[in-house]
Amino acid sequence: MELTGLLPVLASLQILPQLVSPAAPLQVPTIIVDPQHPVYVLGERLTLRCSAPGGEAVNSYQFYNQHGERVFTETTGLPGGPWLVLTAETGKTGAYSCEYWAVRDGQTIYSARSQPVQVSVLDFPLAPSISEISDPPGKIPITIECSAPPAHMGTRYQFLRQGNVIVSQPSARLQLRQSDLDATGPYTCSYEISVSGRMIQSLPSAPLSIHLTGPSVLPETFRPTLRLSPTGPEFTTGDSVTLMCSAPSWEKKMGFCFLKAGEQVACTRQDSQSYQIGRLGMEDSGSYTCMYRVAEPGQEISSLESQPISITVTGVPHPPLAPQINLDPPKRIYFQGERVKLTCSVPGSEQVRGYRFYHQIGEQISELDEGAWLERTAMTGNAGAYSCAYWIIRSGKVILSGKSESVSITVTAPPLAPKLSLHPKLPVYLPGEKVTLNCSAPGGEEVAGFRFHLHRGDQTPEELPAASGGAQMELTAQRGNDGSYTCQYWRWEARQEIASENSNRITVSVSDPPGKPSVSLSPDYSAYMAGDRVEINCSAPAGASPVKYGLYENGKPLGSLLGNASSWQKDLQVNGTRNATRSFACTYVDLIQGREVPSYASDPISISVFPAPAAPFLQLIPPLPLYVTGETVTAECVVPAGPYILRAHLVLRDGETLREQLGPQFPLNITPSDSGTYQCRYSSELHRRHLHSPPSEPVPLSVTDPPPQPALSVDPPSGVVSEGLPLLITCMAPGDTSKRRFHFYKDGAEIISGDIGPQISTTEPRTDSMNFSVLTVPWAGPNNTGEFSCGYEVNMSGRWIPSPRSQAVNITVTAWSLPVPLVAGCGGAATALALLLLLICLCRKKTAASRRLSTTYWKSQELRQSRIARRSTDISGVNMCLQQTIEGGWPQAASQDWGLLPKLPAEGPRPGRAAGRAAPPKGQKEEDDADSGAEFEFPDIDPTYAQVTFSCSTFRQGQGLSASLEHVYSTPDL
């Protein structure tokens, strides 16, 4: 399509292209509606205000309706102002927007249009209908009903009597009471509906006349009301005031009377309720009331007087002093588009209620009701004389001041803008470089001088001093004189300096070397551990365009990165167990004027690197190869020394955390399910950083149940044995595959050597596969009576594990009941048999090369001296095979080896014998006596149990003997 055909289409759509200025575009304005309502009703006045962003030099404003057509304010009809005053009408519904324009560098620039605001106009809701509900009509009670039209939902209803609102309520019905004699009169009603959140009042209904009859005397409730118009109560001479008396409607009302100080001053006709005083005089001051009369059949009823109202009449006041009008800026000539502010200043301390500005163009005067100031854009239509006045209220009356002296606004076109150029022309300058500004006025223009201005953001342009006022200005680039520069020239006109428009803007950018970057670490810890991987980030200042980054560690270059990459990753290490300090800094290279300029180095960031927490050591207390169910084992986590604050210890089983606590010791009441591999670790804190150590070396913990309970049997099975007869107690353990050690207990205490009186021996199994042990008592005595039990130990993983004790068996020893001769004979036979066995044993011992008699010694010399004299004539005996077998099966001397003991005299110990259990030296007299068959005696010691092999036995005879052997082990002769 050809351009000639396209232009009409664009014009019809109002999107003709505008010339685009190379200057910076204007910011979008905002439009505000006052008052703000979602919907407006017919006849409401609303104001649209267009606000340009702060700092914009606005020449004029334009408003557009929903059709894109320009609209003007209804109060003045003048274009260009920031306000648009509208009266709500149906045809004005739609969206409104605004724009503004300004002159820059001699070119007119239009802003974009604001976001539109919606103006919705609604007609008043239809009038309701009002009706009376009473039977018969006119009789009390009476209900008045207000009915909204169909499809209208009223939320609130108002009832009016004689035009005055008597009630506003949610109900659509009003009931008149028996005492409401003043209810007589015309009634109307209206309703409210909600439209978009705003309550809209409907049109009033047609009037409904109601007449009520009542008693012959009007009560207090029918007292009339007096009011003034204007309200006063202070008036000046010559003013006019109207007194209005309001009373209930009455069909037979005869009229109203007005009284001053109780005296009637005027009475009106039936249809008049007001009395006017045309020109007030000083004599009209006083207190006024009113009353009315009604006619009823056969009588005339007067109401009570109204409440009094005072009227005060004073002399004519002096008018307020005239204000003063000022121009800002104060000039005689203004350029088109220049903003002018007119301010009306009131003298003294008058309470000003409003201002009024007058604009005279030729003979035409426009009155503008504004605030204390008026802002105008200098243009041909706004030129002329301006004055102002203000008004106040005294005694309820508006008093206008005189007009101020007028000021004139003369508008002219400014001289054409000059052209500014720069030499040398560079995009950016470094401090110290020389720059020359050249200002060229258009040809033919009269020039009196030049000025140069520096613009910094929204600040007022700064005028630069010029040595000669010439067209050139030289600058030295430095921080502080960078910014945008313009120039203008000026001439004289009507004794006023007329300056041209500003030239085009030229920006002089001065840049220091690139600013320091900042270096940061990720993660950011207060302390680092050896082995941590840290990311080092280098951040250039905002606005920089880095082309390269460099990293330094402890002042030494670490590497460089090209482009946007600015992060390094580094694994931190320490030297041995000592702490290390690392310092990191970075730089970058910025591209300025096509050359790479390195920045200053960043502030270094220093970190401390500590050795990583060492693994702890786990130990089990007590340290055993195997534990038994129910035992308490303490797992102690030993933490090596370090710069850390311990926070908690953790114990792990098979890699899973069992418990966490502050202390290092973990008591465990173990069961077989607790078996496993145990480790520990600890958590600590260093410089507010929480750390976890590696786990300790694994420690195995094995738990087993105790061996099965043994069975205890007694021979005789009844557990009752006569004194002097043998007693056998057998302890039988289940199974036969483990190494065992048996223990016997009497009355809960373990039987140790010397615990029981009569001769008792214990038989242990000869091999590891045996599973029983026999406790032998050859001659039961009274001290063998008691509760017996047994237990055994099993060697498991090198530890002897005790079994539970067997069931207890009660043994009772009864007194011997045989005849004395039989006892004596048996005793003699036993003695003879013992002597015979003793001789045989002595012979075997003398002939055996590998055997020797153990040296006999006394437990203590004092004990021997005290008991030899007492028992030397009563005891003799024989003991055999007193040897002990160690675990390996090799023979060893018994701890107490009683051999053949000669009977000793009753003197004290021989010289050279030590007290206690020391064996006598070889070659002494005791050994010679034993070999020669001298008389023997057993020492008197506490009874004990002895464990003897199958090849050995122990015999005792004599009365009152309390002898025993140590608990020994021996092997049979080979």
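## First stop: Ala540

Select Ala540, which is partly exposed, with a relative accessible area of 24%. Here buried means under 20% relative accessible area, exposed over 50%, and partly exposed in between (1.4 Å probe, protein chains only). Before you go on, know that this is a predicted model, where local features need pLDDT of at least 70 and side-chain atom pairs count only at pLDDT 80 or more, while totals for chains, interfaces and linings use all residues. Residues are numbered from 1 along each chain as its sequence is written, and side-chain values use heavy atoms, with hydrogens and water left out.

Ala540 sits in the loop between β47 (533–539) and β48 (546–553). Those labels are DSSP runs numbered from the N terminus: helices are H or I with at least four residues, strands are E with at least two. What is Ala540 in contact with, leaving aside its neighbours within four places in sequence? Show Pro517, Pro546, Tyr549 and Tyr588 and you have them; contact means heavy atoms within 4.5 Å. Now click on Ser518: it is 22 residues from Ala540 in sequence, but the C-alpha atoms are 6.6 Å apart in space.

## Next: some salt bridges

Stay with strand β48 and pick Glu553. The side chains of Glu553 and Lys570 meet in a salt bridge (3.4 Å, N to O). The term means a side-chain nitrogen of Lys or Arg within 4 Å of a carboxyl oxygen of Asp or Glu. Glu553 is in strand β48 and Lys570 in strand β50 (residues 567–571), so this pair ties together parts that are 17 residues apart in sequence. Which of the two is buried? Glu553 is, at 13% relative accessibility, whereas Lys570 is partly exposed at 22%.

Why might such partners pair up at all? Side chains of opposite charge can pair when their charged atoms come close.

Move on to Glu685 and Arg647, whose side chains meet in a salt bridge at 3.0 Å, N to O. Glu685 lies in strand β60 (residues 676–686) and Arg647 in strand β57 (residues 645–653), so parts that are 38 residues apart in sequence get tied together. Glu685 counts as buried at 14% relative accessibility, and Arg647 as partly exposed at 41%.

Then select Asp747 and Lys746, with a salt bridge of 3.1 Å, N to O, between their side chains. Asp747 is partly exposed at 49% relative accessibility, while Lys746 is buried at 17%.

Colour the cysteines. How many disulfides are there? The count comes to 9, taking a disulfide as a pair of cysteine sulfur atoms within 2.5 Å. Let's visit three of them.

- Cys146 and Cys189 form a disulfide with their sulfur atoms 2.2 Å apart. Cys146 lies in strand β12 (residues 142–147) and Cys189 in strand β16 (residues 185–195), so the pair ties together parts that are 43 residues apart in sequence. Both Cys146 and Cys189 are buried, and their link is right-handed, with 80 degrees about the S-S bond.
- Cys245 and Cys290 form a disulfide too, with sulfurs 2.1 Å apart. Cys245 is in strand β21 (residues 241–246) and Cys290 in strand β25 (residues 286–296), so parts 45 residues apart in sequence are tied together. Both Cys245 and Cys290 are buried, and the link is right-handed with 70 degrees about the S-S bond.
- Cys257 is joined to Cys267 by a disulfide (S to S 2.1 Å). The torsion about the S-S bond of Cys257 and Cys267 is about 105 degrees, so this disulfide is right-handed. Cys257 is buried at 3% relative accessibility, but Cys267 is partly exposed at 38%.

Zoom to Arg161 in strand β13 (residues 156–161). Arg161 is buried, with a relative accessible area of 19%. Its side chain makes a polar contact with the side chain of Tyr187 (2.9 Å); that is a pair of N or O atoms within 3.5 Å, where within protein one must be able to donate a hydrogen and the other to accept it, and residues adjacent in sequence count only if both atoms are side-chain atoms.

Finish at Ile840 in helix α2 (residues 820–847), which is partly exposed at 44% relative accessible area.
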